[in-house]
Amino acid sequence: MSAPTDIRSLTLAQLGDFVSALGLPAFRARQIFAWVHARGVTSTDEMTDLSKALRAELAERIDLAPLAVDAVQRSSDGTRKLALRCHDGQRIESVLIPTADRLTQCISSQVGCALGCRFCATATMGIRRNLTPGEIVDQVYRARALLDAEREAGTWPPAALPTAPHEISNLVFMGMGEPMANLDNVLAAVEILGEDHGANFSSRRITVSTVGLVPGIETLGQKNRHVGLAISLHATSDDVRDDLMPVNKRWPLDKLMAALRRYPLPRRRRITFEYVLLAGINDTPADAKRLPKLLDGIPAKLNLLPYNPCRADQPDLLRPDDAAVEGFAEALRRKGINTTVRKSRGLDIDAACGQLVLQNPPRAARAPAQGAASS
Ligand code: SAH
């Protein structure tokens, strides 16, 4: 018999084809899809509205092995980092980030990353492989299972955030990897997550962040322009961007910004620009002057990310002090740019932006996370 099918990676239409090839009626696809994607089951035994015989037959033909949760780290600020293991032993990370009124999950799209940004920890891993659609969506289901368990244990909502939502409200592809380098699987995952028979996550609640791979941006615009788009800009000149992000040599600022000006953005939506602030490198008055010109004509919001130090091999990269960050933000606000400063979350457990990297052995196995006792 052929190898079991990874049905978690199938869209509802593809599952329909799979089910009809087994000679089953179409409604079975919706039933099975709901078990896998709405309820997050990990074996056919749990699909109690299917006959025992059918469950046994399916068990032979499908692979529903979930990502293994290797470790959960809990930050004193309520952030949770999940270390997850794929069937082939590769490890990825995903982060749950609560605020008083939102619960955002940051998900990974690849094991490692090929883009080599100088300020990012994941870059040091290199690229190992793409995640499948099933591995992408299962990050959400494992996080939901964690939330269920935490609610049961009374540790959710976290002590630091008593009004934090119980359900995940937003998904951001800001974990490990470059989503536009694995766009087919990312788009399939978005489609799967969006089904109302499944997780029912509308595209509007999902954001894809990219270093600026122009063909990927164009494909996203054609295939699903309702997904939020975030661009890792990080510099206002090609010189500086070339130095920080090798991808800029292939897709320099003029090409990137031209693609964004053409982007079929739905009305009332904005493109998010992420900008890692590096002291003396990209936070100068000249940058504050060039940035509004670069964004001119694009419905934009700017998210400043003070650098989270994570690259001992790049000693020239430094986090600006808070006054410098505020000064830069104010200069942009004065020019009419909608500017926020992203508060680093989960710093005490290496869960903040750019800090996701395979720890070998996992950090949790070596020492308890700081702050674990507070949640
Ligand atoms: N590869 C995609 C998805 C990662 S998103 C992208 O680059 O957009 C993660 C965000 O955190 C990106 O904007 C990334 O540039 C930023 N980041 C990476 N390293 C960082 C660091 N050390 N401090 C702050 N932000 C960082």
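Modeller: I would start with histidine 234, which is found in the loop between β9 and α7, where helices (H or I, at least four residues) and strands (E, at least two) are DSSP runs numbered from the N terminus. The model is a predicted one, in which local features need pLDDT of at least 70 and side-chain atom pairs count only at pLDDT 80 or more, while totals for chains, interfaces and linings use all residues. Residues are numbered from 1 along each chain as its sequence is written, and side-chain values use heavy atoms, with hydrogens and water left out.

Although histidine 234 is not a glycine, its phi is positive, at about 70°. Its relative accessibility is 4%, so histidine 234 counts as buried (buried means under 20% relative accessible area, exposed over 50% and partly exposed in between, with a 1.4 Å probe and protein chains only). The side chain of threonine 236 makes a polar contact of 2.5 Å with the side chain of aspartate 287 and another, of 2.9 Å, with that of arginine 290. A polar contact is a pair of N or O atoms within 3.5 Å; within protein, one must be able to donate a hydrogen and the other to accept it, and residues adjacent in sequence count only if both atoms are side-chain atoms.

A polar backbone atom of asparagine 308, in turn, is 2.9 Å from a nitrogen atom of the ligand. The protein buries 95% of the 530 Å² that the ligand exposes when taken alone, with accessible areas coming from the Shrake-Rupley method and a 1.4 Å probe, and only the protein chains shown counting as cover for residues. In total 21 residues surround the ligand, and the closest are Phe119, Ser209, Ser232, His234 and Asn308; a residue is near a molecule if one of its heavy atoms lies within 4 Å of it. The shell divides into 11 nonpolar, 8 polar and 2 charged residues.

Strand β10 brings in a further feature. A search of the whole structure finds 1 aromatic pair, formed by tyrosine 275 and phenylalanine 328, which are stacked at 5.7 Å centre to centre with 20° between the planes. Tyrosine 275 lies in strand β10 and phenylalanine 328 in helix α11 (residues 322–334), so the pair ties together parts that are 53 residues apart in sequence. Rings of Phe, Tyr and Trp (its six-membered ring) pair if their centres lie within 6.5 Å, and planes under 30 degrees apart count as stacked, over 60 as edge-to-face and the rest as tilted. Both tyrosine 275 and phenylalanine 328 are buried.

Arginine 268, in the loop between α9 (253–262) and β10, also has a positive phi, of about 65°, although it is not a glycine. Whereas histidine 234 is buried, arginine 268 is exposed, with a relative accessible area of 81%.

Definitions and conventions: Ala, Val, Leu, Ile, Met, Phe, Trp, Tyr, Cys and Pro count as nonpolar, Asp, Glu, Lys and Arg as charged, and the others, Gly among them, as polar.
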